[in-house]
Amino acid sequence: MSKLMIVLKESRETRYWLRLLIASEIVPQERISQLQTEAEELTKILGAIIISTKSTT
């Protein structure tokens, strides 16, 4: 379970850095849009796995 929590934290941090890149205008939104979508989907999947794991234990 603790490994899943670490992965979820890393996923959230990745989303933060992607938003920061856009806000600072280092990389255009168009280049990061796909990555943002994938990072958000992964975060949701990981959250669902963690919830599922907690309810079965």
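This is a predicted model: local features need pLDDT of at least 70, side-chain atom pairs count only at pLDDT 80 or more; totals for chains, interfaces and linings use all residues.
A nonpolar surface patch is made of nonpolar side chains joined within 5 Å, from residues with over 30% relative accessible area and no salt bridge.

**First stop: the surface patch**

Please select Tyr16, Trp17 and Leu20, which together make a nonpolar surface patch of about 300 Å². Leu20 has its place in helix H1. Its relative accessibility is 33%, so Leu20 counts as partly exposed. Tyr16 is likewise classed as partly exposed, at 41% relative accessibility. For Trp17, the relative accessible area is 46%, and this residue too is partly exposed.

**Second stop: the aromatic pair**

Keep Tyr16 and Trp17 selected and display their rings. A search of the whole structure finds 1 aromatic pair. Tyr16 and Trp17 form this pair, with an edge-to-face arrangement. The distance is 5.4 Å centre to centre, and the angle between the planes is 70°; planes over 60 degrees apart count as edge-to-face, which is why the pair bears that name.

Next, select Leu18, Ile22, Val27, Ile32 and Ala39. These 5 residues make up the largest nonpolar core. Helices H1 and H2 are the elements that give two or more residues to this core. In soluble globular proteins, nonpolar side chains tend to be buried together.

Centre the view on Leu18, which is found in helix H1. Is Leu18 buried or exposed? With 11% relative accessibility, Leu18 counts as buried, because the limit for that class is under 20%.

Which residues does Leu18 contact, leaving aside neighbours within four places in sequence? They are Ile32, Leu35, Gln36 and Ala39. A distance may also be drawn from Leu18 to Gln29: the two C-alpha atoms are 9.3 Å apart in space, while the residues stand 11 apart in sequence.

Now move to Ala39, another member of the core. When residues up to four places away in sequence are not counted, Ala39 touches Ser11, Arg15 and Leu18.

**Last stop: the loop**

Finally, select Glu25. This residue lies in the loop between helix H1, residues 2–23, and helix H2, residues 29–56. Is Glu25 buried or exposed? Glu25 has 71% relative accessibility and therefore counts as exposed, since the limit for that class is over 50%.

Key. Residues are numbered from 1 along each chain as its sequence is written. Side-chain values use heavy atoms; hydrogens and water are left out. Helices (H or I, at least four residues) and strands (E, at least two) are DSSP runs, numbered from the N terminus. Buried means under 20% relative accessible area, exposed over 50%, partly exposed in between (1.4 Å probe, protein chains only). Rings of Phe, Tyr and Trp (its six-membered ring) pair if their centres lie within 6.5 Å; planes under 30 degrees apart count as stacked, over 60 as edge-to-face and the rest as tilted. A nonpolar core is a set of buried Ala, Val, Leu, Ile, Met, Phe, Trp, Tyr and Cys residues joined through side-chain atoms within 4.5 Å. Contact means heavy atoms within 4.5 Å. Patches are made of residues with over 30% relative accessible area and no salt bridge: like charges are joined within 9 Å, nonpolar side chains (Val, Leu, Ile, Met, Phe, Trp, Tyr) within 5 Å. Accessible areas come from the Shrake-Rupley method with a 1.4 Å probe; for residues, only the protein chains shown count as cover. A salt bridge is a side-chain nitrogen of Lys or Arg within 4 Å of a carboxyl oxygen of Asp or Glu.
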